[in-house]
Amino acid sequence: IQDLLGEPVLAGRKVVITAGGTREPLDPVRFLGNRSSGRQGVALAQAARDAGAEVTLIATHLEVPVPHGVNVIHASSALELRDAVFEHAPGHDALIMNAAVADFRPASVENSKIKKRDEHSAPVIELVRNPDILAELVQARRSNEQLPGVIVGFAAETGDEQGTVLEYGQAKLARKGCEMLVVNEVGASLTFGQDTNTIQVLFADGRPSATASGSKIDVARVVIQELAAEINGHTT
Ligand code: CTP
Ligand code: CA
């Protein structure tokens, strides 16, 4: 991905990308998970690498291979992902939060495998809220200039009677306080585990949204192009 002069658009830049889906442990062998395959996040890492960036990929349970030429850090649960993001994000120009982070986790993790106690009863699993990693990063950045100047969220939305996918995306962008939000429409047969994707990129500074459709690598190239414009706008 090059600019009009043939320079890679992210040359000399450092980008950290989270990808995949978290797993919230219940006991030593069980977890609550989600359907994210990590394909879009891996495509973003490839596109950022091809645009000349030094890329750190924080991977949570990818179903696809890790691309060559990127640094990989592994995390499993939302709490582990939060630790990894706060450890690795300082010193980077941008953070792309593409991972599907569980909103809730089991309130307690059993040390041994949960057993059937009798013939008929079943346990009730109590959940607690996970921290919002993206919102915490935006908040922490106010007093830590080492944290990335450009933070990008991803939102999987479904439209309903109360609002459209775009309206929900705009409200979420304002709520999170990040610079960019990539919105995609999800449904039973859309996005998760599929090879193609349609997205809209929304900007906090109010400039018009960008749309992209195609393979996950096509979409990733558009997101990286917009990210480069945002980073360069921040530094000039
Ligand atoms: N995210 C995060 N930490 C969480 C949940 C989400 O950092 N605990 C990030 C995701 O990685 C993504 C963005 O926030 O970049 C939006 O995620 P989404 O699930 O769409 O937003 P939520 O605020 O969790 O809202 P909802 O109730 O619609 O799920
Ligand atoms: Ca969520």
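Q: What stands opposite Ile-96 in strand 9?
A: Val-152 does. Residues count from 1 along each chain as its sequence is written, while chains are lettered from A and ligands numbered from 1 in written order. Keep in mind that this is a predicted model, with local features needing pLDDT of at least 70 and side-chain atom pairs pLDDT 80 or more, whereas totals for chains, interfaces and linings use all residues.

Q: How do you know that strand 6 and strand 9 pair?
A: Strands here are DSSP runs of E, at least two residues long, and helices are runs of H or I with at least four, both numbered from the N terminus. Two strands pair if DSSP finds at least two bridges between them. Strand 6 (residues 94-97) and strand 9 (residues 150-157) share 4 bridges in the parallel sense, so they pass. Strand 1 (residues 14-20) is also joined to strand 6 by 4 bridges, again running parallel. There, Ile-17 has Ile-96 as its bridge partner.

Q: What makes both faces of strand 6 covered?
A: Ala-94 and Ile-96 on one side are buried, and so are Leu-95 and Met-97 on the other. Buried is a count: 20 or more other C-beta atoms (placed from the backbone) within 10 Å of the residue's own, against 12 or fewer for exposed and anything in between for partly exposed. In a regular strand, side chains alternate between the two faces of the sheet.

Q: Why is His-61 called buried?
A: His-61 has 20 C-beta neighbours inside 10 Å, so it counts as buried. This residue sits in the loop between strand 4 (54-60) and strand 5 (71-74), and its phi is near 55 degrees, a positive value in a non-glycine residue.

Q: And why is Pro-28 called exposed?
A: With 11 other C-beta atoms within 10 Å, Pro-28 falls on the exposed side of the rule. You'll find Pro-28 in the loop between strand 2 (24-27) and strand 3 (30-32). Beyond its neighbours within four places in sequence, Pro-28 is in contact (C-beta atoms within 7 Å) with Ser-112 and Lys-113.

Q: What makes Asn-232 partly exposed?
A: Its 15 C-beta neighbours inside 10 Å put Asn-232 in the middle class. Asn-232 belongs to helix 5 (residues 216-235).

Q: How do you know which residues touch the most other members of the largest nonpolar core?
A: Such a core is a set of buried Ala, Val, Leu, Ile, Met, Phe, Trp, Tyr and Cys residues joined through C-beta atoms within 7 Å. Of the 58 residues in this one, Ile-17, Leu-44, Ala-48, Val-152 and Ile-224 come out on top. Helix 5 gives the largest share, 7 residues. Leu-44 touches, among others, Ile-17, Ile-96 and Ile-224.

Q: How do you know where the buried residues of helix 3 lie around the axis?
A: Helix 3 (residues 133-141) has Ile-133, Leu-134 and Leu-137 buried. They span an arc of only 100 degrees, so they share the same side of helix 3; the arc is taken over directions from the helix axis to the C-beta atoms.

Q: What makes a residue part of the shell around ligand 1?
A: The test is a C-beta atom, placed from the backbone, within 6 Å. That gives 14 residues, the closest being Met-97, Val-101, Ile-133, Leu-134 and Gly-153. Helix 3 and strand 9 are the elements that each give two or more residues, and strand 9 has the largest share, 4 residues.

How values were computed. Two residues are in contact if their C-beta atoms, placed from the backbone, lie within 7 Å.
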